[in-house]
Protein chains: 2
Amino acid sequence: MAGIREQKKKQTREAILAAALQLFTRKGYENTSIDELARRAGIGKGTIYSYFQSKSQIFLAFCEEQLEYVYNELAVKSDSRTSLIDQLLTLFMGEFRFINRNKEFGRILMRETVFPKDLTGARSRELDNKYIDLLMPLLKEAQKRGELRTDIEYILVVGHFYALYIMAVSGWYMGRLLTEEDVYMVLESLFSQALQGLAPGRKVEA
Amino acid sequence: MAGIREQKKKQTREAILAAALQLFTRKGYENTSIDELARRAGIGKGTIYSYFQSKSQIFLAFCEEQLEYVYNELAVKSDSRTSLIDQLLTLFMGEFRFINRNKEFGRILMRETVFPKDLTGARSRELDNKYIDLLMPLLKEAQKRGELRTDIEYILVVGHFYALYIMAVSGWYMGRLLTEEDVYMVLESLFSQALQGLAPGRKVEA
DNA sequence: TGGAAAACGTGACCGCGGTCGAATTTAACT
DNA sequence: AGTTAAATTCGACCGCGGTCACGTTTTCCA
């Protein structure tokens, strides 16, 4: 049959990811060597590099799987009866909880996502597009409800909110924000600022 | 005299940084080995590690020196006759030009600054405080001129603008924005959004 | 079915960042 | 000056991520 090779490749790839899940989780990313990973996956060290370009790529693949799950959950939860700001908070805090669960993982993910190397550029773009896909419907609904201006490019709005999320996460990594609640509150404040505007002068309505 | 040792230490430290400046600039960060750095600085490899904790720390020290210069320049240029948004753009684009001049350097700096490891946390906090010190007077003047709300914590305003700057830089690293002009324009749009607010409803005035 | 060719797996090997205890230099005190 | 303790320098050494030439397996076609 045509697929013997293909099947094995898939199996091997999954074996690597499974080994990564175990070892990264138990011993952390930095403390897990490629040698160990290979042994655990039952393959040679060199083989790993015909499935992934680098150690960090293994890690990112692992993260993407996890995030896929998080995103799907959030897509279901999405409740159009609440305000845009609450929806955004739910979305971003969902991802933050993943980061919060493992600081080290999250840092690598965020670093690679926000400031990618040329190599990983394409990857991070994909992740980015997922954000856009997730936020777009929320934004459009918000516009219908009159919560959001209609005269701005979507990409800039998405970028604006995502920027504020990054800032909150950064504050957490820098030790300015200590708990999930701190992050939540700051994020809420920032989102609120973004909607109301930093310039003075009341809105005609809110 | 009391300072023979102190003097030598300072000299050695500077020799390392000088060697770093040369080699990093000529060959790039990743392609410069500690061995090479030590040889160029005329000292042993191990010695370097009694002056810096890691290779990236050498790099950050180097960046901080450079940025110090950039900041001082900007502090002078600060022109209170222009609008807040222009002042912010001048400030952030000043830093961006440094990053733009060397993509690789900038990435490491940004990664370490925005998502620091526990070790480098204190350092990045310092850099952060510099931002606050730089922005604070601008914000206060803007408030006097009526360009900025007076009912928000300064730290959140600084964070808001800084977040947008990070997003623009990120867009550049991801290849969405290609030139300095692209970054400038996006940053301008985002700042404008931040001031006017994303929610609909005109301001009473601008 | 046999045998060449393409794809794949492998672990010895490389250069690197970082460590450590021994060796050397400096400071301090009698 | 002589002696000792402390500070500093040093490079052999370690484990790691990543490479590559070679051996093995799979595919394909005569």
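Modeller: The contact between the chains draws on 53 residues from chain A and 53 residues from chain B. In this predicted model, chain A and chain B bury about 4,900 Å² between them, and 60% of that area lies on carbon and sulfur atoms. On the side of chain A, the residues that lose the most area to chain B are Arg111(A), Phe115(A) and Leu198(A), which together make up 18% of what that side buries.

Side chains of opposite charge can pair when their charged atoms come close. Here a salt bridge is counted when a side-chain nitrogen of Lys or Arg is within 4 Å of a carboxyl oxygen of Asp or Glu, and by this rule there are 6 salt bridges between chain A and chain B, while the count over all chains comes to 18.

A further salt bridge joins Lys117(A) to Glu30(B), with the closest N and O atoms 3.2 Å apart. This pair crosses between chains: Lys117(A) sits in the loop between helix H6 (103–114) and helix H7 (121–144) of chain A, and Glu30(B) sits in the loop between helix H1 (4–27) and helix H2 (34–41) of chain B.

Within chain A, helix H5 (residues 84–101) packs with helix H8 (residues 154–173) at an angle of about 40°, and their axes are 11 Å apart. Because of that angle, H5(A) is oblique to H8(A), and H5(A) passes H8(A) in a right-handed crossing. From H5(A), the residues that make this contact include Leu84(A), Leu88(A), Phe92(A) and Glu95(A), and from H8(A) they include Phe161(A), Tyr162(A), Tyr165(A) and Trp172(A). Sorted by kind, the residues of the contact of H5(A) with H8(A) are 11 nonpolar, 1 polar and 1 charged.

Definitions and conventions:
Residues numbered from 1 in each chain as written. Chains lettered and ligands numbered in written order. Predicted model: local features only at pLDDT ≥ 70, side-chain atom pairs only at ≥ 80, totals over all residues. Heavy atoms only, no water. Axes fitted to C-alpha atoms, helices over the stretch in contact; angles between N-to-C directions. Helix = DSSP H or I, 4+ residues; strand = E, 2+ residues; numbered from the N terminus. Parallel < 35°, antiparallel > 145°, perpendicular 65-115°, else oblique. Left-handed = near helix turned anticlockwise from the far one by under 90°. Contact = heavy atoms within 4.5 Å. Nonpolar A, V, L, I, M, F, W, Y, C, P; charged D, E, K, R; others polar. Buried area = accessible area lost by both parts, 1.4 Å probe.
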